[in-house]
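Please read it with the structure open.

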Amino acid sequence: MNNLVDDYLRLTTQWATAMSEGDSAKANAIHDKVQVLYKDIVEAGEEDSLFSCADSEADAVRFFIASHVKERDAQRASEMYERLIESDLPFIAVSARYILREMRQ
């Protein structure tokens, strides 16, 4: 793995922790960092390295990866969101349900 992808995985897990703790300010700040980091991953040509983590990581990681893979592979993103509907993290499960609904319209 490389540092950019490792940082992405770490930050998305921290985002889930902040969300679980109800710290929306911290979660929003982390979310913004993840978005910037994803752009860095794309610029470095490391998208495939990131996307290869989609099936082996925590729900928060898969949730973010699904949002980033959606433009490139809508079917794969849809499958990921289908699994995330069953997440133990309610904010991910609900979000996945509504994102899927939107994708299908």
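1. Basis. This is a predicted model, in which local features need pLDDT of at least 70 and side-chain atom pairs count only at pLDDT 80 or more, while totals for chains, interfaces and linings use all residues. Residues are numbered from 1 along each chain as its sequence is written, and side-chain values use heavy atoms, with hydrogens and water left out.

2. Helix α5. This helix covers residues 74-84; helices are DSSP runs of H or I, at least four residues long, numbered from the N terminus. Its buried residues are Ala77, Ser78, Met80, Tyr81 and Leu84 (buried means under 20% relative accessible area, with a 1.4 Å probe and protein chains only). Viewed down the α5 axis, these buried residues fall within an arc of 165 degrees, so they line one face of the helix; the arc is taken from the directions from the helix axis to the C-beta atoms. The cover over them includes α4 (59-69) and α6 (90-104).

3. The α4 and α6 pair. These two helices pack at an angle of about 25 degrees, and their axes are 11 Å apart. Axes here are lines fitted to C-alpha atoms over the stretch in contact, and angles run from 0 to 180 degrees between N-to-C directions. The angle makes α4 roughly parallel to α6 (the term applies to angles under 35 degrees). From α4, Asp59, Ala60 and Phe63 make the contact; from α6, Ile92, Ser95, Ala96 and Ile99 do. Contact means heavy atoms within 4.5 Å. By class, the contact residues are 5 nonpolar, 1 polar and 1 charged; Ala, Val, Leu, Ile, Met, Phe, Trp, Tyr, Cys and Pro count as nonpolar, Asp, Glu, Lys and Arg as charged, and the others, Gly among them, as polar.

4. Ala54. This residue sits in the loop between α3 (47-51) and α4. Ala54 counts as buried because its relative accessibility is 0%. Apart from neighbours within four places in sequence, Ala54 is in contact with Arg62, Ile65, Arg76 and Met80. Arg76 is 22 residues away from Ala54 along the chain, and their C-alpha atoms are separated by 9.9 Å.

5. Glu46. Its place is in the loop between α2 (24-43) and α3. At 23% relative accessibility, Glu46 counts as partly exposed, the class between under 20% (buried) and over 50% (exposed). Leaving out neighbours within four places in sequence, Glu46 is in contact with Asn2, Val5 and Ile41. The C-alpha atoms of Glu46 and Asn2 are separated by 8.5 Å, with the two 44 residues apart along the chain.

Definitions and conventions: Parallel < 35°, antiparallel > 145°, perpendicular 65-115°, else oblique.
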